[in-house]
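Reader: I would like to learn how to read aromatic ring pairs in a protein model. Could you walk me through it?

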Amino acid sequence: MNSNFKSLSQDLESVIFSEAEIDSMLDRLAKEITERYRESVLERKFVLVSVLKGSFIFIADLVRKLDLPCEVFFLRTSSYGSSTVSSGTVNVEGFPDADKLKNADVLLVEDILDSGRTLYKLSEIFRTIGAHSVRICTMLDKPARRVVPIEVDFKGFEVEDQFLVGFGLDYNEIYRNLPYIAVLKKEIYS
Ligand code: PRP
């Protein structure tokens with residue numbers, strides 16, 4: 001533990017998205033998603049899948065702005081551990097019951113799209129089990145780090161290649177509870 005702790009903000013370089021900016025982004029995304037699925041919910045189940053842990057705050061705020069019938073599932077992936085670089089292997093735990101997803105319109109909800117490995121693997125799995133459609137919603141997109149091609153359907157913000165924390169994003173499991181998105185000071189992780 002840091003014995004000099006006063007505030008989480010002491011470890012931050014700068015805030016890049018304030019609470020107000022995030023809230024407007026959520027309003028915009030919720031509108032886009034509602035428009036996209038408004039017709040299809042009359043015929044098929046609409047399922048949002050939260051990719052834990054990072055997306056827990058984003059999805060909680062997003063679903064409360066959606067005026068649509070929807071189900072929410074959670075699964076857990078991890079590929080970074082305590083490192084700032086992806087291990088290249090995506091571990092998936094707690095996959096939902098495949099029967100509940102057959103013929104559903106699935107929306108994968110992520111906090112950040114980086115190398116693309118996590119969403120690539122998940123999209124493949126959901127298509128294989130017979131989802132009617134698989135789309136992607138990510139709060140942040142870091143295209144500079146992409147290794148696998150991914151098409152994003154709903155995007156919050158595009159960001160540069162900086163180490164970001166807050167609003168679900170962590171470093172070593174800390175900082176997820178910051179209500180805004182910030183750049184972490186280099187000295188904290190290097
Ligand atoms: C982060 C993030 C995404 C993934 C994106 O998860 O939440 O799931 O990495 O990276 P990729 O595009 O390179 O696959 P992480 O493995 O750090 O786990 P966490 O969500 O529990 O923080």
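Author: Rings of Phe, Tyr and Trp (its six-membered ring) pair if their centres lie within 6.5 Å; planes under 30 degrees apart count as stacked, over 60 as edge-to-face and the rest as tilted. Here, ring pairs join Y37, F46 and F154 into a cluster. This is a predicted model, where local features need pLDDT of at least 70, side-chain atom pairs count only at pLDDT 80 or more, and totals for chains, interfaces and linings use all residues. Residues are numbered from 1 along each chain as its sequence is written, and side-chain values use heavy atoms, with hydrogens and water left out.

Reader: How many aromatic pairs does a search of the whole structure find?

Author: The search gives 7 aromatic pairs.

Reader: And which geometry do Y37 and F154 have?

Author: A pair of aromatic rings is described by the distance of the centres and the angle of the planes. For Y37 and F154 the centres are 6.4 Å apart and the planes stand at 40 degrees, so the pair is tilted. Y37 sits in helix 1 (residues 19-37) and F154 in strand 7 (residues 154-158), so to speak distant parts of the chain, 117 residues apart. Helices (H or I, at least four residues) and strands (E, at least two) are DSSP runs, numbered from the N terminus.

Reader: Are Y37 and F154 buried or exposed?

Author: Buried means under 20% relative accessible area, exposed over 50%, and partly exposed in between (1.4 Å probe, protein chains only). Both Y37 and F154 are buried. Of the chain's 190 residues, 46% count as buried.

Reader: What surrounds this pair in terms of secondary structure elements?

Author: The chain has 4 helices and 9 strands.
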